[in-house]
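Reader: Hi, I'd like to go through this structure with you. Can we take it piece by piece?

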Amino acid sequence: MANRRCLYALTRQASALFSTNPSARSFIAHLTAKQPLKILSTRFPAICTNPEPAWCTHCSRFRHFSSNRGNDDDDDDDEDEDVDYEETGENSEDESVSASGSRPESEYSAEEKEEEAAAIGYKVIGPLQKSDRVFKPYEPLFAVVQIGSHQFKVSNRDCIFTERLKFCEVNDKVILNKVLLLGSSSQTIVGRPIVPDAAVHAVVEEHALDAKVLIFKKKRRKNYRRTKGHRQELTKLRITDIQGIEKPENIGTQKPLRAAVKKPEKIAVAA
């Protein structure tokens, strides 16, 4: 605070010396009367030779010193940071697009296709034939299969949606190899982690897109907002058969009829 007061007093004296108003001239004349002109000429040569120089008009303005100037600089820096954030965001989007570009299926060999499909948990047999019997009668069995990183509990004639399966088209027959559990009304088989000699047969019915999900990103005080939409690619599978467990006989769903019970008749009693 003391430094600010000293600076304020110095600026007042400097403005009085370099201004062109009559009071400043009288102040300079008062100084020249007390001190020799040579001393003043050595200290202030421009004032003594030319009491009204052209550049004095620029120095006559009184300047206020405050901390607002620093805030303005900070605002400018924030604007620059906004531009940097936007540029980095665009660059990151371009990188994500380039990274998400998958390898075309035509470049895969037959062995590579089988290996990648086996890692996910399925095997493509071939297209569905007209002689194939797809819709079989219901069987009281269930299985837990793993496709990629997801697990599904399925039964015969069920329909499930998984992430898009590569190297298969609509009406292709698929075998799901990663069977974790098999169950029926009489027994249950638990795999460690996979049940050996177990398989679930399915048919690809459709390749579709899931509902749109909005992704919104924001950085406060940075004028940064990004809105994106994503629709996940899905594959619809129809379960046709479950193998690896004894299939019990079909149990009728109709309940047995109860024997008709005769109600006792009421006998009228004469009064």
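Reader: Let's start with K173. Is it buried, partly exposed or exposed, and why?
Author: This is a predicted model, to begin with. K173 has 23% relative accessibility, so K173 counts as partly exposed. Buried would need under 20%.

Reader: What does K173 form a salt bridge with?
Author: With D132. The closest N and O atoms of the two are 3.3 Å apart.

Reader: Where do K173 and D132 sit in the chain?
Author: K173 is in strand β5, and D132 is in the loop between β1 and β2.

Reader: Which residues are linked in a network?
Author: K136, E139, D241 and K247. Salt bridges link them.

Reader: What about E205, which salt bridges does that form?
Author: One is with K236, where the closest N and O atoms are 3.6 Å apart. Another is with R238, at 2.8 Å from N to O.

Reader: Where are those partners?
Author: E205 is in strand β8, and K236 is in strand β11, 31 residues apart. R238 is in strand β11 too, 33 residues from E205.

Reader: Why is E205 called partly exposed?
Author: Because its relative accessible area is 28%. Exposed would need over 50%.

Reader: New topic, the sheet. What is the strand order?
Author: The order is β1-β5-β8-β11-β4. The sheet is open, has 5 strands and uses antiparallel pairing.

Reader: Which strands are at the edges?
Author: β1 (122–127) and β4 (159–163). Each of them pairs on one side only.

Reader: What is the average twist?
Author: From one strand to the next, the twist averages 35°.

Reader: What holds strands together in general?
Author: Backbone hydrogen bonds, in either a parallel or an antiparallel arrangement.

Reader: How many bridges are there between β5 and β8?
Author: There are 4 bridges. β5 covers residues 172–176, β8 covers residues 199–209, and they run antiparallel.

Reader: What stands opposite L176?
Author: V200, in β8.

Reader: Now the inside. How many residues are in the largest nonpolar core?
Author: It has 26 residues. V154, L176, L182 and V200 have the most contacts inside it.

Reader: What does L182 touch?
Author: Leaving out residues up to four places away, its contacts include F142, A143, I189, V195, A198 and I242.

Reader: F142, then. Where does that lie?
Author: In strand β2. F142 has 25% relative accessibility, so it counts as partly exposed.

Reader: What is F142 in contact with?
Author: Beyond its neighbours within four places in sequence, the contacts include K153, V154, L181, L182 and S184.

Reader: How far is F142 from S184?
Author: Their C-alpha atoms are separated by 6.5 Å. Along the chain, F142 and S184 are 42 residues apart.

How values were computed
Residues numbered from 1 in each chain as written. Predicted model: local features only at pLDDT ≥ 70, side-chain atom pairs only at ≥ 80, totals over all residues. Heavy atoms only, no water. Pairing = 2+ DSSP bridges. Helix = DSSP H or I, 4+ residues; strand = E, 2+ residues; numbered from the N terminus. Axes fitted to C-alpha atoms, helices over the stretch in contact; angles between N-to-C directions. Core = buried A, V, L, I, M, F, W, Y, C linked by side-chain atoms within 4.5 Å. Buried < 20%, exposed > 50% of the residue type's maximum accessible area, 1.4 Å probe, protein only. Contact = heavy atoms within 4.5 Å. Salt bridge = Lys/Arg side-chain N within 4 Å of Asp/Glu carboxyl O.
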